[in-house]
Amino acid sequence: AVTVHGRTREQYYSGKADWHIIEAVKEKLTIPVIGNGDIFSAQAAIHMKEQTNCDGVMVARGAQGNPWLFRDILSLQETGKIPPPPNEEERIDTALRHMGMIVAQKGEKIGICEMRKHIAWYLKGLKDSSRIKRQVNSLVLAADIVELLNAYKRELKDQA
């Protein structure tokens, strides 16, 4: 198999991926071709497969802070419907679970450093999240982040 990204090195993360490149490669090869580029929604994944005839779709940045994207793609493929998005509590609980796993694997110091960007992605778009992200970036202990995010979750619930 081969994976083809429809964006040039010069584009880096800017511009729009050119799925025609994926389509052209797929037409020439007999091995499986995996398409990559601009998959930020379940609809985009289905559209890429339809447009390019690729054998599979690779999700990259679209999954940052949004692991539900994989569920959504599968559901849209199988049922034609996308489940409701996660609520604030589920997003925060998933961030906490993710943090627990990365800290268990890499240790607290490295795990917390790596987790900061992930927490920012999980919280993106939530009310007053910039304040919480700043606080997370100043913390070094997992227990303190757990306490902060649980308090934030209660705040959001009280405001609803």
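**Pocket, cores and an aromatic pair**

Phe 40, Arg 61, Gly 62, Gln 64, Gly 65, Asn 66, Trp 68, Pro 85, Pro 86, Arg 91, Trp 121 and Lys 124 line the largest pocket. On a 1 Å grid over the protein atoms alone, a pocket is an open set of points where a 1.4 Å probe fits, with protein on both sides within 12 Å along at least five of seven lines, and lining residues have an atom within 4 Å of a point. The model is a predicted one, so local features need pLDDT of at least 70 and side-chain atom pairs count only at pLDDT 80 or more, while totals for chains, interfaces and linings use all residues. Numbering runs from 1 along each chain as its sequence is written, and side-chain values use heavy atoms, with hydrogens and water left out.

The largest pocket holds about 270 Å³ of space, taken as the space filled by probe spheres set on grid points that are joined across faces, edges and corners. Its lining splits into five nonpolar, four polar and three charged residues; here Ala, Val, Leu, Ile, Met, Phe, Trp, Tyr, Cys and Pro count as nonpolar, Asp, Glu, Lys and Arg as charged, and the others, Gly among them, as polar.

Trp 68, one of the lining residues, turns up again in the one aromatic pair found in a search of the whole structure. Its partner is Tyr 122, in an edge-to-face arrangement at 6.3 Å centre to centre and 80 degrees between the planes. Rings of Phe, Tyr and Trp (its six-membered ring) pair if their centres lie within 6.5 Å, with planes under 30 degrees apart called stacked, over 60 edge-to-face and the rest tilted. Because Trp 68 sits in helix H3 (residues 68-79) and Tyr 122 in helix H5, the pair ties together parts 54 residues apart in sequence. Helices are DSSP runs (H or I, at least four residues), numbered from the N terminus. Both Trp 68 and Tyr 122 are buried, that is, under 20% relative accessible area, against over 50% for exposed and in between for partly exposed (1.4 Å probe, protein chains only).

As for nonpolar cores (buried Ala, Val, Leu, Ile, Met, Phe, Trp, Tyr and Cys residues joined through side-chain atoms within 4.5 Å), the largest has 22 residues, with Ile 92, Met 99, Ile 119, Leu 123, Ile 145 and Leu 149 making the most contacts inside it. Helices H4 (88-106), H5 (108-123), H6 (129-138) and H7 (142-159) each supply at least two of its residues. Apart from this core lies another, of 17 residues, including Ile 46 and Val 59.
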